[in-house]
Every structure is written in structure tokens, then in C-alpha cells.
Amino acid sequence: MTSAPQRPDGPTPTPRLIATDLDGTLLRDDKSVSPRTVAALAAAEEAGIEVFFVTGRPARWMDVVSDHVHGHGLAICANGAAVVDLHAGREFVQVRALPRAAALAVVDALRIAAPGTSFAVELTTGINYEPAYPPFFKDPAARIATAEELLREDTAGGAAPVLKLLAHHSEIAPDEFLTLARSAADAYASITRSSPTSLLEISGHGVSKASTLALCCAERGISPAEVVAFGDMPNDVEMLSWAGTSYAMGNAHPDVIAAASGRTVANNEDGVALVIERILAELIARQQA
């Protein structure tokens, strides 16, 4: 039997917007969206609650949820570096790029602070990477060169905005690598992680899921108090802290649990759907009272 979420103190207000991470949160470990979750998302939209997917994924990896975006069709990708329209073929609506000079400064800093770091560069046009970068999802169209070469503006594709710099280390533990990188390079960019491996995601200064979600909400006249957010990894911490009501998944990183105002069950137990169902049940009960 699925246990109930640990709700925040006090009554849960009916939100105007639900913001949910994907991997480890909305998606099950096999990267599927369960029928229960599909039904909950549709019911929320039917009740007039907007749903935003807010993910570290690039736009090209959004097919897994494209069919489940209703109404506005927008998703926040690359940890806030891009807002894309999934109804319009993943067209970029907004880009908050990482300046190449800042990316190069991070590369220089990490080469000194963490020798053995390998890099990839995520552009609006795709990903390029260094020869030593692990074969996570190799793209046959990618350029392979040093990060310094990939970040030169006078090379092929040099005009495309940089969404993220990715940094991987094969020996340093994930949280230790994040702490080390922030100490060495947080003057140049925003640094976070969402992978269980030692893979860091580096965005423009001030760019995060939270800051881009805040911009999208401000355009709609939605306050933080009217947002319910879900997440599981360090790249969700700012978003969960910003939202008026937030839930860490049962499988969440300790920093996420500390940042959220409530906790739900794990992604494989449909933790997001469980909370949405409760919100909608409370809404119906209030309307019938």
C-alpha cells in the first residue's frame, strides 16, 4: 500500500501552477510516464492548473513527455537555460546562454582544481565533447575537440548559444566534485548536478530552474505562493526553495529533502501523481462545501 505524502504544515492551497522535474521525479526509472501520472497531469490541466516540466534535459530529449504537455506547450530545459515550445517542434522561446568567456574561465579553474576533468559543451544546436568525455549518449553529429577549441567563436557552430558546460570526473565523488567546483569557479557561473555520477552542469550566472520558472510565472501573474514544485536532485534545490509548496521525492538527495516543505513517495511509486490527486480532491471538496 502506498503511504501518504508528508504534507507541509497548514492547509495546502490550490496552486495555479505545478512545476515538476522529470528524471527521478515525474518519470519512473525506466523513463516512462505511468498511466496514473498521465491521468493526474491531464486532470490538473482540466482543473485550470498549469503544468510546467522543469528539467536539466536538453530540448532534444523531451520526446518522452511531449504528448503530456497541454495548453501552453512550454517546458523549461537545460536547468533554466532554455524555454521551449513542445507544441512547435521544440522551438526555443527563450535562451539564457552561458557566455563563452565564462565557460572558458570555468574550464581553466577546473583543470587546476580537479585535474582529469573532461568537458562537453551543450549548444542550442546539439552537444560537442572532449575525447575523454564518457560515452553517456554519444551523438554521431558531435564535434570532438578540447573544450577550449569547442568554445572558440570562430569555429564551426561557434555562433550557437551555449546552454550548459558539462564537467565529468572519474575519481572524485559526486558531492565532493560539486563542492570543489563551486569553490573554484562559482564566480563565473552557476554549478549544479543531477546525475548519480560525478557529472556537473554549469550554466550562466544566476541561471537555474528557479530563476527561469520565476520569470515564466511573473509573465502569468503567478506568485511563488501559487506554485507547487517537485524534485529529487541538487539542481532542484533552488526551485523547491522558491515555490510556496514543494515536495522532495522519496528517492531524493538529502539536500533536496532539506530544501522542500514536504515529502512524497518515490518516483517509481508515482509520488507526483499522489500529491496532485490529493490537491484535486481537496479542491473538489472545497467547491462542494
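User: Which residues are exposed on the other side of α2?
Analyst: P35 and E46 are exposed there, where exposed means over 50% relative accessible area, buried under 20% and partly exposed in between (1.4 Å probe, protein chains only). This is a predicted model, in which local features need pLDDT of at least 70, side-chain atom pairs count only at pLDDT 80 or more, and totals for chains, interfaces and linings use all residues. Residues are numbered from 1 along each chain as its sequence is written, and side-chain values use heavy atoms, with hydrogens and water left out.

User: And which residues of α2 are buried?
Analyst: T37, A40, L41, A44 and E45 are the buried residues of α2. They cover an arc of only 135° around the axis, so they lie on the same side of α2; the arc is that of the directions from the helix axis to the C-beta atoms.

User: What do they pack against?
Analyst: The buried residues of α2 pack against β1, α1, β2 (50–54) and α10, with contact meaning heavy atoms within 4.5 Å. Helices (H or I, at least four residues) and strands (E, at least two) are DSSP runs, numbered from the N terminus.

User: What does α10 pack against, then?
Analyst: Its buried residues, including V272 and L283, pack against β1 (17–20), α1 (22–26), α2 (35–46), β11 and β12 (245–248).

User: Switching topic, where is D236, and is D236 buried or exposed?
Analyst: D236 is in the loop between β11 (227–231) and α8 (237–242), and because its relative accessibility is 0%, D236 counts as buried. Leaving aside residues up to four places away in sequence, D236 touches D21, K209 and G231.
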